[in-house]
Amino acid sequence: MFFFTIRRLLASVLVLLVSSFLVFALCAASFDPLEKYYTQNPRPPESFFNNLRETLGLNDNFFVRYWNWLSGVVTGDFGETVNGTPVTEQLWPRLMVTGRMIIGAIVIAILLAIIVGVIGAVRQYKASDYTFTFIAYILIALPTFWFAALLKEYVAGGVNDLFGQQLLYTIGEETPGLSLYASGWELWSDRLGHLVLPTISLAALSFAAWSRFQRAAMLDVLGSDYMRLARAKGLTYRRTVLKHGLRNALIPLTTVVALGVGTLFGGAVITETVFVWHGMGEYLLSNGIDQNDINVVLGWLLVSAVFVVVFNLVADLLYAVLDPRIRLS
Amino acid sequence: MKLSKRTSMLIATGLTGAMALSACGGGSEDEGGGEASGGSGRVVFGESTDFPENLYPNIAAGNATSVANVLIKVLPSAYHIQPDFTVEFNEDLFTGEPTLEEVDGQQVNTYEINPDAVWSDGTPISAADFEFTWRANRSGDPADGGCPAVLSTTGYEQIASVEPGEDDKTVVVTYETPFADWQGNFENLLPAHLMDADDPAAVCETITEGWPIAEGLPEGISGGPWQVSNIDAGQQVIVLTPNPEWWGDGPELEQLIIQNIGNDPTTAVQGLQSGELGVIYPQPQLDLVEQVQALEPNVESEINFGLTFEHLDLNTQDPHLADPLVRQALAYALDRQEIVDQTVGQFSSDAQVLNNRIWLNTQPEYEDTAPEQVKTQNVEEARALLEQAGYTAGPDGFYTHPERGPLNIQIDTTENNPLRQTTIEVMIPQLAEAGINASFNANPDIFAGAESPTSLEGGGFQAALFAWVGNPFITSSQSIYQSPQGDNIQQNYSRIGNPEIDALFAELATEPDRERQAELGNQIDGLLWEQMATIPLYQKPTFVAHQANIEGVQDNPTEAGPLWNSETWTVE
């Protein structure tokens with residue numbers, strides 16, 4: 001297991017290196033960080049452009065630029081943005097913001113997926129199964145941004161009208177400036193009110209697909225011989241399903257969730273934009289791609305790739321916990 | 001009704017919060033000012049442009065609309081641009097209107113600073129601040145004591161000296177050569193006592209580093225009604241509170257909160273609807289305007305026409321468009337009234353066709369200088385011109401030239417801009433009527449550098465639709481219409497010019513008198529119509545919307561923006 005982990009890590013580093021090189025090449029070919037100044041009116045003097053090219057290293061050879069970036073990254077320095085702010089300083093707080101959203105969403109989505117999947121399998125072809133199936137397919141089919149917009153328009157509006165006060169919010173992580181004069185419960189309830197809708201919108205989309213996997217895996221397990229044996233030995237139905245069935249049915253879900261984290265990270269880009277959370281997604285779109293900023297795009301890529309790699313490692317470890325046979329081999 | 005209840009709840013919580021705050025901070029608020037102290041209420045402004053990385057306005061990193069909005073009532077400016085595009089001197093900063101004289105053939109301006117004017121740390125605002133502001137913007141060349149990080153030296157590079165007059169509260173500015181737009185100088189006065197150093201290299205270092213957003217302004221300095229009191233870079237929120245040393249009127253609010261909301265129109269509308277946002281200033285789009293107008297009477301909104309104008313640029317290095325007859329034919333074939341009706345005319349019945357490139361419709365200096373033929377669609381004349389240029393109509397109705405080939409014109413524009421797409425879609429059938437085969441092309445590289453072959457700068461386009469951001473200070477348009485000097489085209493993407501226009505621009509740049517400026521500008525524009533390399537279309541609208549209970553919000557469709565009078569806002 002230990003060597004397996006090491007091998008996996010080394011392979012991941014190699015993948016990161018290759019992908020960063022490819023992205024760097026793509027960005028270097030298509031990004032022009034000076035773009036926004038060409039149409040500025042009056043136009044900045046030529047000395048300004050020369051200075052900026054020099055500071056951003058645009059006059060250097062492509063490989064030199066990549067090497068400079070790479071040697072920085074090894075020491076934890078992701079370089080500076082085109083505006084001269086260190087990228088590293090931005091990545092961490094933004095990862096925290098996105099992480100808060102994603103972790104919450106993953107937990108909710110997994111719990112819901114298991115519950116709904118198990119109910120769907122145990123009560124196959126009953127009314128509840130059909131209802132859940134119907135809901136799941138609707139959610140899978142809905143585009144993320146549209147679903148999020150629906151939540152903002154109807155759920156937020158509806159709940160707030162129902163209670164006659166602002167309980168759910170649609171913009172940002174807290175009411176701006178609130179922390180200047182509020183504290184304790186007022187502040188935390190406000191933050192909770194801001195957190196609910198983005199988390200739901202992220203969770204709902206992953207949950208839908210995951211619950212289908214869970215249902216299929218559960219059906220598979222329910223029909224297996226060891227389940228019948230367990231029943232024959234006199235265990236109650238409920239105990240068989242939860243103790244023997246669920247445990248085995250969780251293994252496929254682990255894989256799906258680990259892979260899904262990458263998707264979720266991408267999905268968070270849209271959710272963040274819709275709910276105006278200033279996280280990783282916005283960093284990629286507004287600060288990276290819109291500003292023609294290579295260092296930002298690469299920083300984002302590395303962080304998100306590490307995120308995905310780590311979750312896949314966790315999944316591997318979880319297999320071992322769930323399935324003792326892996327530990328034996 | 002439901003909505004108003006919710007809104008009033010929010011306002012109520014905001015008010016109690018504000019009351020709690022003012023109760024806590026009572027001690028420090030009481031001194032000085034008299035009626036000026038103690039505003040109440042909080043307003044959240046939803047900023048739709050990018051959150052800045054730096055607040056120092058004169059370097060690239062701080063050259064953003066969001067920075068301008070923060071600073072407009074924090075750092076003092078000599079002149080303010082009014083909503084009607086006139087410029088007025090800062091009555092709080094000066095005791096009287098700055099004077100313009102000619103002394104020994106040199107332009108001299110004298111500014112009398114208000115004796116009460118102080119920075120928020122108590123240091124008087126003096127001639128030293130003007131002198132330092134000049135030095136900090138004067139040059140981009142280190143050999144000359146300048147700083148390469150300075151984004152623009154326009155206006156300051158022509159100044160010979162900035163000196164105190166009789167005392168420190170009088171400033172005498174002498175120009176080497178007369179400068180037409182002197183009123184645009186000394187915008188964002190810098191605090192010399194916090195930034196100055198004897199060594200130009202040290203000053204340059206200070207400038208290059210600027211004011212990183214996480215640190216805010218040095219010592220939280222302010223010379224205006226607002227002071228930047230709190231910045232949350234993570235959540236992209238900037239909180240402005242009243243400057244305790246402010247000697248003028250206002251602010252009437254306890255806090256003005258600038259929150260970045262991005263440019264997604266849905267967010268802006270829903271934030272306004274739910275009461276989370278007080279004031280928004282998004283780019284107007286048809287859906288957005290309709291949705292906001294549906295929120296009346298809880299929300300009020302206003303459309304104005306700003307200093308940015310859309311135009312079609314024709315590349316005179318294209319084989320077809322090099323021929324003035326073809327350019328003329330193209331202009332004659334367009335029905336610009338219909339273009340306006342189908343685009344900005346949908347937002348506002350005040351939208352007009354723009355017939356001048358130097359002055360815009362809503363400026364007092366504006367004159368309609370357009371020739372009669374471009375005021376309506378003249379298909380017959382357009383066809384005649386093309387035939388005169390040697391084109392013959394093919395069986396499909398489109399013209400072809402024996403050497404230049406079929407008359408296909410591709411119109412480039414920016415990506416993902418519905419308004420521009422509509423503009424071109426309206427143009428295409430109009431041009432087709434005159435036998436010109438036009439097509440639409442969203443060009444992602446349009447504003448890229450010269451290395452990019454399809455960019456404006458690279459010259460690999462035929463016609464391009466984009467906007468110029470104007471300001472009341474007119475010398476900025478010189479770089480657009482000046483004849484190219486070899487490879488250096490500046491911003492003259494059409495790559496055409498003539499000595500007569502150049503001479504008039506040279507005169508305009510050194511003409512401080514507004515009436516003569518108006519005359520010269522209109523004269524230049526008349527000549528530009530003869531070139532027909534730039535076809536102006538319309539002024540772009542601006543859109544401000546706010547909760548009805550916020551009083552005093554008035555759009556300023558210039559670069560001054562919606563916060564230009566924010567110190568007078570009140571909340572009911």
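Six nonpolar, five polar and one charged residue make up the lining of the second largest cavity, where Ala, Val, Leu, Ile, Met, Phe, Trp, Tyr, Cys and Pro count as nonpolar, Asp, Glu, Lys and Arg as charged, and the others, Gly among them, as polar. This is a predicted model, in which local features need pLDDT of at least 70, side-chain atom pairs count only at pLDDT 80 or more, and totals for chains, interfaces and linings use all residues. Residues are numbered from 1 along each chain as its sequence is written, chains are lettered from A and ligands numbered from 1 in the order in which they are written, and side-chain values use heavy atoms, with hydrogens and water left out.

Back to that cavity: its volume is about 60 Å³, the volume being the space filled by probe spheres set on grid points joined across faces, edges and corners. A cavity here is a set of points on a 1 Å grid over the protein atoms alone where a 1.4 Å probe fits but cannot get out, and lining residues have an atom within 4 Å of a point. The lining includes B:Asp313, B:Tyr481, B:Asn492 and B:Leu528. Helix 13 and helix 15 (514-531) of chain B each supply at least two lining residues; helices (H or I, at least four residues) and strands (E, at least two) are DSSP runs, numbered from the N terminus. Over the whole structure, the search turns up three cavities of 30 Å³ or more.

Now for where the chains meet. Chain B brings 54 residues to the contact and chain A brings 48, with contact meaning heavy atoms within 4.5 Å. About 4400 Å² is buried between them, 49% of it from carbon and sulfur atoms; buried area is the accessible area (1.4 Å probe) that two parts lose on being put together, summed over both.

What about charge pairing across the interface of chain B and chain A? The rule finds one salt bridge there, meaning a side-chain nitrogen of Lys or Arg within 4 Å of a carboxyl oxygen of Asp or Glu. The partners are B:Glu457 and A:Arg43, whose closest N and O atoms are 3.0 Å apart. On the side of chain B that touches chain A, 21 residues are nonpolar, 25 polar and eight charged.

Chain A itself has 14 helices and zero strands, and its C-alpha trace spans about 85 × 60 × 35 Å along its principal axes. Within chain A, A:Glu174 and A:Arg191 meet in a salt bridge at 2.7 Å, N to O. A:Glu174 sits in the loop between helix 7 (144-163) and helix 8 (178-181), while A:Arg191 lies in helix 9 (residues 184-222), 17 residues apart.

Terms used. On a 1 Å grid over the protein atoms alone, a cavity is a set of points where a 1.4 Å probe fits but cannot get out, and a pocket is an open set with protein on both sides within 12 Å along at least five of seven lines; lining residues have an atom within 4 Å of a point.
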